[in-house]
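Hi everyone, thanks for making time today. I'd like to walk you through one chain, starting with the overall picture and then moving to a few places worth a look.

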Amino acid sequence: MHAASPRSPQRLNLRENELESAGAAAVARALPALPALQALDLAANQITKSGAAAAVRALVAGGRRSFSRLVLDENYLTDDAVEVVRDLVVGAFGGDGCLSVEDLDPDAAEDEEDEDGDEAMDGGEGDALAAALEKGARI
């Protein structure tokens, strides 16, 4: 566990970074290095259920009592995916008031979930950003 430092951001905005689920998973792996994080914006990406769930699990594992906002708007999430994510959020934070899941594209989600195994090899710009975060690049 990392101690909070003045350089640990309270908010991280990764909106519109072409993140796919593999990129969201890489961001999730980097979250322990951001102990003061209170808000994470992953909106307007191409994240499916696996990436969204990985992000929530990482937030939960970090024991973030002061976490207040997770934005997953405009991603490739089906109703089933939203239910899984909402259940994780409610279990961890006692309610889903911190979760935003609006303007989703469930049709694209079905196509992307079929290709989830291939996403780690896609190498999109968003995934490169997530990999840099995971390696400790300055934010």
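**A walk through the chain**

Of the 139 residues in the chain, 42% are buried. Please keep in mind that this is a predicted model. The secondary structure comes to five helices and four strands, and along the sequence these follow the pattern β-α-β-α-β-α-β-α-α. If you look at contacts with a separation of 6 or more, 87% of them are between residues 24 or more positions apart.

Let's go to helix 1 now. How many of its 10 residues are buried? Eight are, so helix 1 is largely enclosed by the rest of the structure. The buried ones are Ser 21, Gly 23, Ala 24, Ala 25, Ala 26, Val 27, Ala 28 and Ala 30.

Helix 2 runs over residues 49-61, which is 13 residues. From its first C-alpha to its last it reaches 18 Å, close to the 18 Å expected at 1.5 Å a residue. Its buried residues are Gly 51, Ala 52, Ala 53, Ala 55, Val 56, Ala 58 and Leu 59. What do those buried residues pack against? Their partners are helix 1 (21-30), strand 2 (39-41), strand 3 (69-71) and helix 3 (79-93). After helix 2 comes Gly 63, with a positive phi near 60°.

Let me pick out helix 3 from those partners. Two packed helices are described by the angle between their axes and the distance between the axes. For helix 2 and helix 3, the angle is about 5° and the axes are 9 Å apart. An angle under 35 degrees counts as roughly parallel, so helix 2 is roughly parallel to helix 3. Which residues meet there? From helix 2 we have Lys 49, Ala 52, Ala 53, Val 56, Arg 57, Leu 59 and Val 60. From helix 3 we have Asp 80, Ala 81, Val 84, Val 85, Leu 88, Val 89, Ala 92 and Phe 93. Sorted by class, this contact has 12 nonpolar, no polar and three charged residues.

Gln 38 sits in the loop between helix 1 and strand 2, and at 26% relative accessibility it is partly exposed. Leaving aside residues up to four places away in sequence, Gln 38 touches Gln 10, Ser 66, Phe 67, Ser 68 and Arg 69. Take Ser 66 from that set: Gln 38 and Ser 66 are 28 residues apart along the chain, and their C-alpha atoms are separated by 6.2 Å.

Arg 7 lies in the segment before strand 1 (11-13). Is Arg 7 buried or exposed? Its relative accessible area is 68%, so Arg 7 is exposed. Arg 7 and Ala 36 are 29 residues apart in sequence, with 9.1 Å from C-alpha to C-alpha.

Last stop, two loop residues to check in your viewer. Ala 44, in the loop between strand 2 and helix 2, has a positive phi of about 60° although it is not a glycine. At 18% relative accessibility, Ala 44 counts as buried. Glu 74, in the loop between strand 3 and helix 3, also has a positive phi, near 55°. Glu 74 is partly exposed, at 38% relative accessible area.

That's my tour, and I'm happy to take questions.

Notes. Residues numbered from 1 in each chain as written. Predicted model: local features only at pLDDT ≥ 70, side-chain atom pairs only at ≥ 80, totals over all residues. Heavy atoms only, no water. Expected span 1.5 Å × (residues − 1). Buried < 20%, exposed > 50% of the residue type's maximum accessible area, 1.4 Å probe, protein only. Contact = heavy atoms within 4.5 Å. Axes fitted to C-alpha atoms, helices over the stretch in contact; angles between N-to-C directions. Parallel < 35°, antiparallel > 145°, perpendicular 65-115°, else oblique. Nonpolar A, V, L, I, M, F, W, Y, C, P; charged D, E, K, R; others polar.
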